[in-house]
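Thanks for asking me to look through this one with you. My notes follow as numbered points, to be read with the structure open.

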Amino acid sequence: MDSVFRSTEVMTIERFIMDQERLHPEATGELSNLLYDVCLAAKIISRQVRRAGLSDILGAMDTINIQGELQQKLDVFANDTVRNCVQHTGRICVMASEEEEDVLHIPDNYPTGKYVLLYDPLDGSSNIDANVTIGTIFSIYRRITRSGKGTVQDCLQPGYKQIGAGYCIYGSSTMLVYTTGDGVHGFTFDPSIGEFLLSHENIRIPKQGKIYSVNEGNYRWWYDGVKKYVKYLQEEDKATNRPYSGRYVGSMVADVHRTLLYGGIFMYPGDTRQHDGKLRLMYEANPTAFIIEQAGGRSSNGTQRILDIQPKALHQRTPLFIGSDHDVEIVEEFIQGKRDLTPKGDNEQRTSH
Ligand code: F6P
């Protein structure tokens, strides 16, 4: 029997968000409504992703996006869907999308509100044609301009100012994971009733994992600290749970989701070709860093907490090391030259873990 019929009481995401809102008597309900808007967008995108093979939507369009990548048809669909689900509501003053060069202003015929939405409409889209997991990532801030249409300044806030962040992952099932600063909660989409149902309440990332996730094809271009760290993970040492296993989907949202649930580390380092790596601070690093920290993990660019980085440009990139607290701390030590590959046993004497 379908699980939803076993009990008459189900926790939909709407009910959960409403319950969370009650913990904050000062809340006006607008943030909750903005989250519902994003959920609606996620449902529409999920439906389209599931139909991808059938509806002749796979494959590339002829346009090149701001990152210089060939845009996929589903990218364009997802980008428009998020915008169309939120821009008319009067809850936001400006948006920015990974797929658009400039901020997205609210059209003149709609009211503006107090929130700012940044989003990556379809992360990992190079994987679409192979039927591999992709996702939508979002990040919510309070506006800093006073009124009217928002500006790029509203978007260029450091990650610690986020008041909400989440992602929807289109995998073997569709899941939405979000935080508003009161822990991290996961919901699985039940297509038979069209609702996200609470499946993972208060997710906590293990303090240390056993999996590392990185595009090792870039090894020759990495800086020494990262090279040594990966070698360290591959060494055998029972006391520190090494060697680690390698897993790399190539869709950040999927790799981060696995890391959140199983622990370990996901990284996209800077290297001698791309000093700041590949991933975008505002659309990928900040929202996932907020989630991972809320779950008890850690995120860093190697020398600084991701959420403390003051952004200078909408599409700026950052090296990213994210995951279990212990694992990210160790890679920071390698990058900062506080740790080196040493004969077995020595490494552990240098940390308090
Ligand atoms: O930024 C887009 C993205 O597809 C991420 O989702 C993913 O982690 C990364 O790029 C993969 O990049 P690469 O193909 O260089 O490993």
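How far is an oxygen atom of the ligand from an N or O atom in the side chain of asparagine 215?

1. The distance for asparagine 215 is 2.8 Å, from an N or O atom of its side chain to an oxygen atom of the ligand. Please keep in mind that this is a predicted model. The protein covers 82% of the 400 Å² of accessible area that the ligand has on its own.

2. Now for the rest of the shell. The ligand is surrounded by 13 residues, and the closest are Asn215, Tyr248, Met252, Tyr268 and Glu284. By type, the shell divides into five nonpolar, four polar and four charged residues.

3. Met252 leads us to helix H6, which covers residues 252–262. Is this helix mostly covered or mostly open? It is mostly covered, with nine of its 11 residues buried. The buried ones are Met252, Val253, Ala254, Asp255, Val256, His257, Arg258, Thr259 and Leu260. Just after H6 comes glycine 263, which takes a positive phi of about 85°.

4. Next, the sheet. Eight strands form an open sheet with mixed pairing, in the order S4-S3-S5-S6-S7-S8-S9-S10. Strands S4 (104–105) and S10 (195–200) stand at the edges; each has a single partner strand, so one side of each is left without a neighbour in the sheet. Within this sheet, S5 (residues 115–123) and S6 (residues 134–142) run antiparallel and are joined by seven bridges. As one example of pairing, leucine 117 has isoleucine 140 of S6 as its bridge partner.

5. Leaving out residues up to four places away in sequence, valine 116 touches Ile92, Cys93, Val94, Ser139, Ile140, Tyr141, Arg142, Arg143, Asp154 and Cys155.

6. Where is threonine 318 found? Threonine 318 is in the loop between strand S14 (298–300) and strand S15 (320–323). It is buried because its relative accessible area, 4%, is under the 20% cut-off. Neighbours within four places aside, its contacts are Tyr268, Asp276, Leu279, Leu281, Ala285, Asn301, Ile306 and Ile309. Tyr268 in that list is also among the residues closest to the ligand.

7. Aspartate 37 is a charged residue in helix H2, residues 30–50. Is aspartate 37 buried or exposed? At 10% relative accessibility, aspartate 37 counts as buried. Beyond residues up to four places away in sequence, aspartate 37 touches Cys85, Val86, Thr89 and Arg91.

8. Finally, the chain as a whole. There are nine helices and 15 strands, and buried residues make up 54% of the 353 residues. Of the contacts between residues at least 6 apart in sequence, 63% join residues at least 24 apart. The chain exposes about 15400 Å², and carbon and sulfur atoms supply 48% of that area.

How values were computed:
Residues are numbered from 1 along each chain as its sequence is written. This is a predicted model: local features need pLDDT of at least 70, side-chain atom pairs count only at pLDDT 80 or more; totals for chains, interfaces and linings use all residues. Side-chain values use heavy atoms; hydrogens and water are left out. A residue is near a molecule or strand if one of its heavy atoms lies within 4 Å of it. A polar contact is a pair of N or O atoms within 3.5 Å; within protein, one must be able to donate a hydrogen and the other to accept it, and residues adjacent in sequence count only if both atoms are side-chain atoms. Accessible areas come from the Shrake-Rupley method with a 1.4 Å probe; for residues, only the protein chains shown count as cover. Buried means under 20% relative accessible area, exposed over 50%, partly exposed in between (1.4 Å probe, protein chains only). Helices (H or I, at least four residues) and strands (E, at least two) are DSSP runs, numbered from the N terminus. Two strands pair if DSSP finds at least two bridges between them. Contact means heavy atoms within 4.5 Å.
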